[in-house]
Amino acid sequence: MDTPLDDADLTAFLEGQDSAWLAEQLMLIADEDPITRIRLSAAAGAESAVEEARGAVLARVTGHSPQEAAEDPDDGDPLHRALDLLDDLLDYGFEDEVGDIADEAREVYTLRHGEDDSEHLARLHVLADGEEED
């Protein structure tokens, strides 16, 4: 088969698989991708996911380069992905913890990069202050 599966075909295939096989596949991915592991741990209700998320978000804020992000916004920006992780933690019931992480990350961001008009800082404001985006 030379043609890649589209999302619908892949979803149909996955829906037909045994749950043990699917769990094994997810664990293989989680072993290679810390964000996925944190996301799965949070979905399982593990409190440890909060500190792991804090570490991941702060590392990505510290390593973020606004100039590089502006040059190529569609390159799989690691900070964008880390902020998506915080959105997921909100969905899993970690509202207070996400606010604390986002507040800390916002402080680090502004110290390193200043008060800019980036989407990243705007998202941190929303996550830290618990407000809805307009």
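**Exercise 1. Arginine 81 and its contacts**

Task: work out which residues arginine 81 touches, not counting residues up to four places away in sequence.

Solution. Start with the ground rules: this is a predicted model, where local features need pLDDT of at least 70, side-chain atom pairs count only at pLDDT 80 or more, and totals for chains, interfaces and linings use all residues. Residues are numbered from 1 along each chain as its sequence is written, and side-chain values use heavy atoms, with hydrogens and water left out.

Step 1: Arginine 81 sits in helix α6 (helices are DSSP runs of H or I with at least four residues, strands are runs of E with at least two, and both are numbered from the N terminus).

Step 2: list the contacts, meaning heavy atoms within 4.5 Å. With residues up to four places away left out, arginine 81 touches Asp33, Ile35, Thr36 and Arg39.

Step 3: check the accessibility. Its relative accessible area is 33%, so arginine 81 is partly exposed (buried is under 20%, exposed is over 50%, partly exposed is in between, with a 1.4 Å probe and protein chains only).

Step 4: look along the chain. Valine 57 is 24 residues away from arginine 81 in the chain, and their C-alpha atoms are separated by 9.0 Å.

**Exercise 2. The inside of α3**

Task: find which residues of α3 are buried and what covers them.

Solution. Step 1: the buried residues in α3 are Ile35, Thr36, Ile38, Ser41 and Ala42.

Step 1: their cover includes α2 (19-32), α4 and α6.

Step 2: zoom in on one of them. Serine 41, part of helix α3, has 18% relative accessibility and therefore counts as buried. Beyond four places in sequence, serine 41 touches Ala46 and Ala49.

Step 3: see what comes next. Glycine 45 follows α3 and has a positive phi, near 90°.

**Exercise 3. The largest nonpolar core**

Task: identify the residues that touch the most other members of the largest nonpolar core, and the elements that supply it.

Solution. A nonpolar core is a set of buried Ala, Val, Leu, Ile, Met, Phe, Trp, Tyr and Cys residues joined through side-chain atoms within 4.5 Å.

Step 1: the largest one holds 26 residues, and Val57, Leu86 and Leu89 touch the most other members.

Step 2: two or more residues each come from α3 (34-43), α4 (48-63), α6 (78-91), α7 (95-113) and α8 (119-129). The largest share, 7 residues, is given by α4.

Step 3: follow valine 57. Not counting residues up to four places away in sequence, valine 57 touches Ala82, Leu86, Ile101 and Ala105.

**Exercise 4. α6 and its two partners**

Task: describe how α6 packs against α8 and against α7.

Solution. Step 1: take α8. The α6 and α8 axes are 10 Å apart, at an angle of about 20° (axes are lines fitted to C-alpha atoms, for helices over the stretch in contact, and angles run from 0 to 180 degrees between N-to-C directions). That makes α6 roughly parallel to α8 (under 35 degrees is roughly parallel, over 145 roughly antiparallel, 65 to 115 roughly perpendicular, and the rest oblique).

Step 1: name the contact residues. From α6 come Leu79, His80, Leu83, Asp84, Leu86, Asp87 and Leu90, and from α8 come Glu119, His120, Arg123, Leu124 and Leu127.

Step 2: take α7. Here the angle is about 155° and the axes are 8 Å apart, which means α6 is roughly antiparallel to α7. Leu79, Leu86, Leu89 and Leu90 of α6 meet Glu95, Val98, Ile101, Ala102 and Tyr109 of α7.

**Exercise 5. Aromatic rings**

Task: say how many aromatic pairs the whole structure has, and sort out the geometry.

Solution. Step 1: apply the cut-offs. Rings of Phe, Tyr and Trp (its six-membered ring) pair if their centres lie within 6.5 Å; planes under 30 degrees apart are stacked, over 60 edge-to-face, and the rest tilted.

Step 1: the search finds 1 aromatic pair. The centres of phenylalanine 13 and tryptophan 21 are 6.0 Å apart and the planes are at 85°, so this pair is edge-to-face.

Step 2: check both partners. Phenylalanine 13 is partly exposed, at 40% relative accessibility, and tryptophan 21 is partly exposed too, at 31%.
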